[in-house]
Amino acid sequence: MRLIKASPFPVRGIPLFLFSAGLIGMSMAWYVSKLTGFFVEPLFIFSWILSVGMGAKIESGKLVLFYGFWVMKQEIKLDSIEELSLLSGLEYSTVLKHFKAYTFTWLGVVLWASADLLVLNGGENSLRQYMDVFVILAFTVFFLLLALPKNRKPLLRLAAFCCVAFLMVFPLFRWGSKTLAPGMFLALLVAFMVRAFQKDDLILIVAGGKSYLLSSDRGWEVLKLIREAMKNA
């Protein structure tokens, strides 16, 4: 039975490794290519794509999570599930607590982009400097979405608004009006990310001492299906 509109996050195992390698690698690809003489960015992009959650289904007493074109999967025995809950229904978010490696990957990219902008000056490349600003702000917003309670919507929206405003204003003063059009596009991208993330429910699954994370805009429905399958396992 396929769980409609349910996608796993790459929070552990090989998907987490591919996600971290891809995301960090993409942020450093320009320097790696310059040092090695090889155009390595496609390799890191492919690594990141392979980590993307594609769907989930229940079969043979297992919850199966699929990643990267459905070529990778993680299996969770239903009778091994110790905890199953909606994070949006909790008073405090537990994403940061359960998925430190995943959330700190985002933070690590933010810190690298900050160092690239402030210390390395983007390799004297204005496009890199501009993208560093975007990465810092967009990934900071996403890190806050993971770290703060989902019921703190006003705080999250205020943080997102401040980031979007800075993304529009700072490049305008730094590099001129040519950044206005791409700035508006990137600002809308950040706003869309916040809206989409807050619309979906996050489902925490703890099985055999290991934590997994599902995203779905039908959280209660997916939760009910898994619980019913657990009773019949």
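The charged end of R12 sits over the ring of Y212, 5.7 Å from its centre; a charge counts as over a ring if NZ of Lys or CZ of Arg is within 6 Å of the ring centre and within 35 degrees of the ring normal. The model is predicted, so local features need pLDDT of at least 70 and side-chain atom pairs count only at pLDDT 80 or more, while totals for chains, interfaces and linings use all residues. Residues are numbered from 1 along each chain as its sequence is written, and side-chain values use heavy atoms, with hydrogens and water left out.

Rings of Phe, Tyr and Trp (its six-membered ring) pair if their centres lie within 6.5 Å; planes under 30 degrees apart are stacked, over 60 edge-to-face and the rest tilted. The count comes to 12 aromatic pairs. Two of them are set out here.

| Pair | Centre to centre | Angle between planes | Type |
|---|---|---|---|
| Y31 and W112 | 5.8 Å | 85 degrees | edge-to-face |
| Y102 and W106 | 6.4 Å | 80 degrees | edge-to-face |

Y31 lies in helix α1 (residues 13-36) and W112 in helix α4 (residues 100-118), so this pair ties together parts that are 81 residues apart in sequence. Helices are DSSP runs (H or I, at least four residues), numbered from the N terminus. Y31 is buried at 17% relative accessibility, whereas W112 is partly exposed at 21%. Buried means under 20% relative accessible area, exposed over 50% and partly exposed in between, with a 1.4 Å probe and protein chains only.

Y102 and W106 are four residues apart in helix α4, which separates them by about one helical turn. Both are buried. They also belong to one aromatic cluster with F9, F19, F139 and F142.

The 19 residues of α4 should span 27 Å at 1.5 Å a residue, and its end C-alpha atoms are 26 Å apart, which agrees; the expected span is 1.5 Å times one less than the number of residues. The buried residues of α4 include Y102, W106, V109, A113 and L117. Among the elements covering the buried residues are α1, α3 (95-98) and α5 (126-147).

A187 is in helix α7 (residues 180-199) and is buried, with a relative accessible area of 7%. Not counting residues up to four places away in sequence, A187 touches V164, L167 and M168, contact meaning heavy atoms within 4.5 Å.

Conventions. Helix = DSSP H or I, 4+ residues; strand = E, 2+ residues; numbered from the N terminus.
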